[in-house]
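Please brief me on this model. Cover the chain contact, the charged pairs, selected residues and the backbone.

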Amino acid sequence: MNQSISAAEELAALTAHDASCRLAEGTVSSVQLTQLMLDRIAASQNNAFITVNPKALEEAAAADARRQKGEARGPLDGIPMALKDNISTQGLRTTCASRMLAEFVPPYSATVARRLSEAGCVLLGKLNMDEFAMGSTSENSYFGPVRNPRDPQRIAGGSSGGSAAAVAENLAYFTLGSDTGGSVRQPAAMCGVMGMKPTYGRISRYGVVAFASSLDQIGPITKDAQDCALVLNAIAGKDPYDGSSLMNPLPDYLDALKDGAAGLRIGIPKEYMGEGISEEVRMAVERVAGLLEAQGAIVETCSLPRTEYALSAYYVISSAEACSNLGRYDGVKYGYRTQAYANLAEMIEKTRSEGFGDEVKRRILLGTYTLSAGYFDAYYKRAQQARTLIMEDFRKVFRQYDVLLTPTSPVTAWALGQKHANPLEIYAMDVCTVSVNVAGLPALSLPCGTDSQGLPIGAQFIANTLGEAVLLRAAAAAEKGGKA
Amino acid sequence: MDEFKTVIGLEVHAELDTKSKIYCGCTTEFGGDENTHVCPVCSGMPGVLPMLNRKVVEYCVKAGLALNCAINPYSRQDRKHYFYPDLPKAFQTSQFDQPLCLNGYVDIVAGGQPKRIGITRIHIEEDAGKLIHGADQTRVDYNRCGVPLIEIVTEPDFENSAQVHAFLEALREILLYTEVSNCKMEEGSLRCDVNLSIHREGEPFGTRTEMKNLNSFSAAAAAVEYEAQRQRRVVLGGGKISQDTLRWDDEAGYNYVMRSKEDADEYFYFPEPDIMPMVLSEGYIERIRKTLPELPAKRRERYVQVMGLPMYDAQLLTVSKFISDFFDRTVAAGAQPKAVSNFIMGDITRLLNERGLAPEKVPIQPDAMAELLDLISKGVISNSMGSKVIEIMFEETKSPADIVRERGMAQVSDAGAIRGMCEQVIAENPKIVADYKGGKVKAITALVGQVMKMSRGKANPAMVNQLLEELLK
Ligand SMILES: [Zn+2]
């Protein structure tokens, strides 16, 4: 009995690429893996899932049938995974963790959902998050907060808290999240898993419910760098439904894993290691630098002097775009509609005040304010100017370095409910991640040990535009160094 | 007139005649059951993204060039926000401070006076849906959502309704000739908002009102007349004009207030983050310029000054680009301009009307038309026989020469044969002959008619006339 439990534990803890090998060997079936995950999801107390896909086993059986006939589609065929609940799935409700869309079933699927389905993945279900991806704790959910599997009294991070918690608790072999200001990387760091935010435009946004259009990007959350490369291979690339998706040719991301750290030029921007960064986090990041240096990397301190503007620019731009993107939830076409109303204006007003949670309303108000005719130049225009300066900073340092190394979050996971009283304090926690979105760059969070309370710490690698491969190279090298 | 001057500016929305919508692949076809020409993109589902239809940019640039505009090499789209159920995204994707076309003009003639109307800007945007009000509920139809529009904004250059009317006519012609819009008023393809204010000579402009919902040129002209008079009455009565948005009720013939200044709009414009800016190269603009057809005003000038046609003919020939092209090609194939014009204005127009056909449906090729006119000018058939041949050409795809040959329609110009028929008619109609000889010169037409009848229309009428006169001397 005990042995079978631990065998199941061992099977659940496999990376996606190891699970893929088992499937290929025929020592396990997709139905078995899927059933295992479904059982674990049902038993979990951490609220990572909002909706379980009733067709998951059916999809798994189809994957097994393909394999039997020798028609397996590739390394991800039959691998059970899950999607953040702002990624549209045809026929399966997509709530954005909002009362507004609590019953909304999309008539179409996001490009990433379609690509994973075409790769043969089994969709386990949809993952909890901050409402409309607004937040850094996954507490702003109509369906209740996500708990951190490492300590259920603590936040899982956010907004893709469910996506990170599910991978950390072995409820899915990998997940997708969305990252607008750190929403993939920060929960990955807090849950002790890997999360990547690719270059803006590298992955299609079609079907991902928009929060801030110029910042949003889908990213994989995985157990290691190899899985991250596998998922990226499956979902990246030009999409005719997304005008901002990039046409640049796709490398095979698996190739990057073998290159090692020798000769890698790593910069540590001093602005990311100073005030506000906990001592334990700073030390963990320095340990990563040491590991890579030991493998022949060159590590130096550098500077991104405009970093201080990033947080304000980010909140102005993201709130303006959010306020525009969320206008469509008016009770007319789909989603929540208030019960009683005297006229159209009242219907829209009541629907929106009842359907949205506090954090979403706060961002809409902020956005409305900054886009108002009298304030547009003072806020939105200046934020865009700051954006240009921040990009310039990065352009300069990337002439000297292949990759930058920073903390992902200044602190480890804090207690649920701890910062409710002060939203600004929570906003400030995004300081290490938002610049990357503002500049449209790729970045990756790598687990790098734990603090004295046993809570995971994340180190962030940042690369130049389309530098996903170098991120994976650095991450794989750090993983190897950590194991050795 | 009176002590006041009227100042009028227009905002004209024209639907572009593209096959698909501006940001998705849905058809732009008019009609269809409610919400059948929709997809997740144009119905504003969560997560969708716009893909700009290149044709929309091309058509707008084409319209801009035809309206003498400068084309903005760098242009972008902006979101214009407001809540209304016909706008599924709660914003209209439009253009704010970087429109595609700037600073153009149209020359018109109104009340016999030439006038130049300035075009401030032309930009692209998407149409909204339609509310359908029932007894106890209102439904929304998104079929029109995302149909591409251009908005043409004029300078406040108009002084009266005649100029407004002439401008709209000229604009319609240009949009039709450039094939940018089908300008079907009854389908709302061309709609017009009017801004109007009055002021005394030498004083600054007055407060303006905006009139919406003007779906015909006559409605626009009537609304201008009405509003100019109303403002005069208010000002003369010591009142003030308030900056209202008015809705024109065409049946009742008056404006009512839709929105007053207190709730003036704030649209929270900001650059559309999902659509990359449009950067147009000189080469691209020139390629579009090369596709511009000769515009109707230029054609009329050429018809009158170069071809010597009456202005009346020139007007009628240019009502449709197809007819005008047909005319030009027939002339190019060697026909006499006035002869072509006569046949187009006469038989062809009549036959189209009888069959209820649009001009584009003329089943005759310009070459065949020129061939027919050649047969007439060479005397092979008479003019009136030509009408019959055209009628047959509407039904059968045969060359005029074949029709004439197969049906033996060629004119008889053999003097001997005609003389014989004339002699016979004279012999059979002693009464008419006597009248003619008694001084009733007109009686000869009755004899000509008899000969034509005997020849079944084929005798050369000029020869018949001449021979009868000779024989009756
Ligand atoms: Zn559509």
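The points below are grouped by topic.

This is a predicted model, in which local features need pLDDT of at least 70, side-chain atom pairs count only at pLDDT 80 or more, and totals for chains, interfaces and linings use all residues. Residues are numbered from 1 along each chain as its sequence is written, chains are lettered from A and ligands numbered from 1 in the order in which they are written, and side-chain values use heavy atoms, with hydrogens and water left out.

**Interface of chains A and B**

- The size of an interface is often given as the accessible area lost when the parts come together.
- Here, chain B and chain A bury about 2600 Å² between them, with 65% of it on carbon and sulfur atoms. Buried area is the accessible area (1.4 Å probe) that two parts lose on being put together, summed over both.
- B:Pro46, B:Leu49 and B:Phe83 supply 23% of the area that chain B buries against chain A, more than any other three residues.
- Chain A brings 38 residues to the contact and chain B brings 29. Contact means heavy atoms within 4.5 Å.
- Between the two chains, 13 residue pairs are in polar contact, both residues being at pLDDT 80 or more. A polar contact is a pair of N or O atoms within 3.5 Å; within protein, one must be able to donate a hydrogen and the other to accept it, and residues adjacent in sequence count only if both atoms are side-chain atoms.
- The rule finds one salt bridge across this interface. A salt bridge is a side-chain nitrogen of Lys or Arg within 4 Å of a carboxyl oxygen of Asp or Glu.
- A:Arg205 and B:Asp274 meet in a salt bridge through their side chains (3.0 Å, N to O).
- On the side of chain B that touches chain A, S4 and strand S15 (270–271) of chain B each supply at least two residues. Helices (H or I, at least four residues) and strands (E, at least two) are DSSP runs, numbered from the N terminus.

**B:His81**

- B:His81 sits in strand S4 (residues 78–81) of chain B.
- Its relative accessible area is 9%, so B:His81 is buried. Buried means under 20% relative accessible area, exposed over 50%, partly exposed in between (1.4 Å probe, protein chains only).
- The side chains of B:His81 and A:Ser324 are joined by a polar contact of 2.7 Å.
- Leaving aside neighbours within four places in sequence, B:His81 also has B:Glu266, B:Tyr267 and B:Phe268 among its contacts.
- B:Phe91 is ten residues from B:His81 in sequence, yet their C-alpha atoms are 4.0 Å apart.

**Salt bridges within chains**

- Side chains of opposite charge can pair when their charged atoms come close.
- Over all chains, the count comes to 59 salt bridges.
- A:Lys333 pairs with A:Asp330, the closest N and O atoms being 3.2 Å apart. A:Lys333 is partly exposed at 21% relative accessibility, while A:Asp330 is buried at 2%.
- B:Arg230 and B:Glu227 form a salt bridge of 2.7 Å, N to O. Both lie in helix H3 (residues 217–236) of chain B, three residues apart, about one turn of the helix. B:Glu227 is buried at 0%; B:Arg230 is partly exposed at 22%.
- B:Arg350 and B:Glu354 form another salt bridge, with closest N and O atoms 3.2 Å apart. Four residues separate them along helix H8 (residues 337–355) of chain B, about one turn.
- A network of salt bridges links B:Glu179, B:Glu294, B:Arg299, B:Arg302, B:Lys321, B:Asp325 and B:Asp328.

**A buried arginine**

- A:Arg363 lies in helix H12 (residues 358–371) of chain A. It counts as buried because its relative accessibility is 3%.
- Not counting residues up to four places away in sequence, A:Arg363 touches A:Met134, A:Gly135, A:Phe211, A:Tyr315, A:Ser319 and A:Tyr427.

**Backbone**

- The peptide bond from A:Gly158 to A:Ser159 is cis, with omega near 10°. A:Ser159 is in the loop between strand S5 (151–155) and helix H6 (161–168) of chain A.
- B:Asn103 has phi near 55°, a positive value in a residue other than glycine. B:Asn103 belongs to strand S6 (residues 101–110) of chain B and is exposed at 59% relative accessibility.
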